[in-house]
Amino acid sequence: MTTTHVNETTIREALQQVLDPELDCNIVDLGLIYDIHLTGGKVTVKMTLTTPGCPMHESLSWGVQTALLNLEGVEEVEVELIWDPPWNPAMMSDYGRARVGIAW
């Protein structure tokens, strides 16, 4: 039997399953994840959205919670939406920019 240890890497990998449906790109490569904090079985994710009025905020928060609660050892997930610093395309990975068609 293999034991999986939850850490920031496994959390980021799980978050890559969460897609922004409008941009068809995951939230990690979009640069929306600002901070991950793991304390025991609780994960706190500080993230932002591409715009404060993004209509997908509830869907993305739900996606984060669902993806992380499926990890062995995660018992609770808190999602904090923050707006400072404001998101901009420079926060995206090369893959994210290529995925949404932003030349850099």
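**Ground rules.** I number residues from 1 along each chain as its sequence is written, and side-chain values use heavy atoms, without hydrogens or water. As the model is predicted, local features need pLDDT of at least 70 and side-chain atom pairs count only at pLDDT 80 or more, while totals for chains, interfaces and linings use all residues.

**Helix pair.** I looked up H1 (residues 8–15) and H2 (residues 57–69), which pack at about 130 degrees with axes 9 Å apart. Helices are DSSP runs of H or I of at least four residues and strands are E runs of at least two, numbered from the N terminus. Axes are lines fitted to C-alpha atoms, for helices over the stretch in contact, and angles run from 0 to 180 degrees between N-to-C directions. I then checked which residues are in contact (heavy atoms within 4.5 Å). Ile11, Ala14 and Leu15 of H1 meet Val64, Ala67 and Leu68 of H2.

**Buried side of H1.** I listed Thr10, Ile11, Ala14 and Leu15 as buried in H1, where buried means under 20% relative accessible area (1.4 Å probe, protein chains only). They lie on the same side of H1, because their arc around the axis is only 140 degrees, taken from the directions from the helix axis to the C-beta atoms. The buried residues pack against E2 (25–26), E3 (33–39), E4 (42–47) and H2.

**Asp29.** I found Asp29 in the loop between E2 and E3. Its relative accessible area is 11%, so Asp29 is buried. Leaving out residues up to four places away in sequence, Asp29 touches Gln16, Met92, Ser93, Tyr95 and Gly96. I also noted Arg99, 70 residues from Asp29 in sequence and 9.1 Å away in space, C-alpha to C-alpha.

Key: Buried < 20%, exposed > 50% of the residue type's maximum accessible area, 1.4 Å probe, protein only.
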